[in-house]
Amino acid sequence: MNEGVIKNRLDLLIRLQDTTNGMAVNERNIRFYRNGEEIRPMFRGDGNFILTNTGRENSLMQINVYGFEPYEAVVDYQVLDERLPVLDAFLIPSEHMRAEQDLLSVTGRMQGLKSIEAVHLARPLSGLREFNPKKCEMTVYMPNRRMNMVHTYYGLVNTAEGTFEDFVILEELSDKKVRIKEPLRGEFPQNAPICRLIFGQVKSDGSYLLRVRNTGKNLKHLVRFLTEDGPQFQLIDFAKPDGSEEGEA
C-alpha cells in the first residue's frame, strides 16, 4: 500500500484590524473577493484568515466586513515575505453602524495622493531611547510596563519638525528592545514619541477618508499625506466641528 504525503502551503495570511483602535476584527459576516471572484479563506481566530494551496499570483483583494468600510488592496508577492506572505488589512469602521459621536472623519481629494496615515499626538505608547542603525535595533522608554509592539505599524514623531516616520516591528528582543524592518531614515531626539499608526483610505481619483475614535479628550492628530512629490504633514484637530486643519506642520 502506497502512502501519500499531503503538503499544504500557506499562500496568504490575512490579518484584519480595526485601524482606529488597533484591535483585531473578529466579525464573521465577511466576504472576500480575489480579482472579482469570491473566495473563502479559513478563519484561524483573532482576526486571522489563511489561504492555502491557492497559488501566489498577484491579485486585487477586496474585503467586505459587516460594520466597516469596504477594503481593497493589491496583493504583490514580489514585496511580501516569501516564507510568510501577510496582508494586513486595516479596516475603517462605518459611521452608519455606530453612534455618530463615536467616530470623527476627514474627507477630501488631493491629486497624486498615494496614502494617508495619522498619529494621535496625545496618546504616545512609548518614547525612543536609542537606535542602532547597523542592527536595526530600537530601545524604547517604557516606564513600569512591558512593551508589546510585535507585528504592528508605528510612527516615530519629530515634534520640533511636525513630522513622523513610520516603521514596522519584526521581532521583540527584550522588554524594551525590538528589531525593526528597515533603518530609520531621519534623525530623532531621545524620547521622541512613538504612536500607533492610523491608516486611512485613498481611491484612484485621489479622494481620501481618515476616521478616528472620539475619545472626548485631546483630539489633535498629525496627519501625513503621501503624494507623488513626497510627504505633506498637517495638524488636524478633530475636536473642531468642521474638522478644520491648523495648517501644515
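Tutor: Happy to! Let us begin with pairing: two strands pair if DSSP finds at least two bridges between them. Strands themselves are DSSP runs of E with at least two residues, and helices are runs of H or I with at least four residues, both numbered from the N terminus. This is a predicted model, where local features need pLDDT of at least 70 and side-chain atom pairs count only at pLDDT 80 or more, while totals for chains, interfaces and linings use all residues. Residues are numbered from 1 along each chain as its sequence is written, and side-chain values use heavy atoms, with hydrogens and water left out.

Now to the part itself. In strand 5, L51 is the bridge partner of L12. Their strands, strand 1 (residues 10-18) and strand 5 (residues 48-52), are joined by five bridges in the antiparallel sense. Both belong to an open sheet of four strands with the order 4-5-1-8 and mixed pairing. Strands of a sheet pair through backbone hydrogen bonds, either parallel or antiparallel.

T19 has a relative accessible area of 0%, so it counts as buried (buried means under 20% relative accessible area, exposed over 50% and partly exposed in between, with a 1.4 Å probe and protein chains only). What does T19 touch, leaving aside its neighbours within four places in sequence? It is in contact with F90, L91, I92, R196, L197, I198 and F199, where contact means heavy atoms within 4.5 Å.

The protein has zero helices and 22 strands, and buried residues make up 45% of its 249 residues. Of the contacts between residues at least 6 apart in sequence, 63% join residues at least 24 apart. Elsewhere, six strands close into an antiparallel barrel in the order 11-12-15-14-13-16.

A word on confidence: pLDDT is the predictor's confidence in each residue, from 0 to 100. The protein averages 89, and 89% of the residues score at least 70. Strand 2 has the highest confidence, at 98, and strand 22 (residues 245-248) the lowest, at a mean of 50. Where pLDDT is low, the predicted coordinates should not be read in detail.
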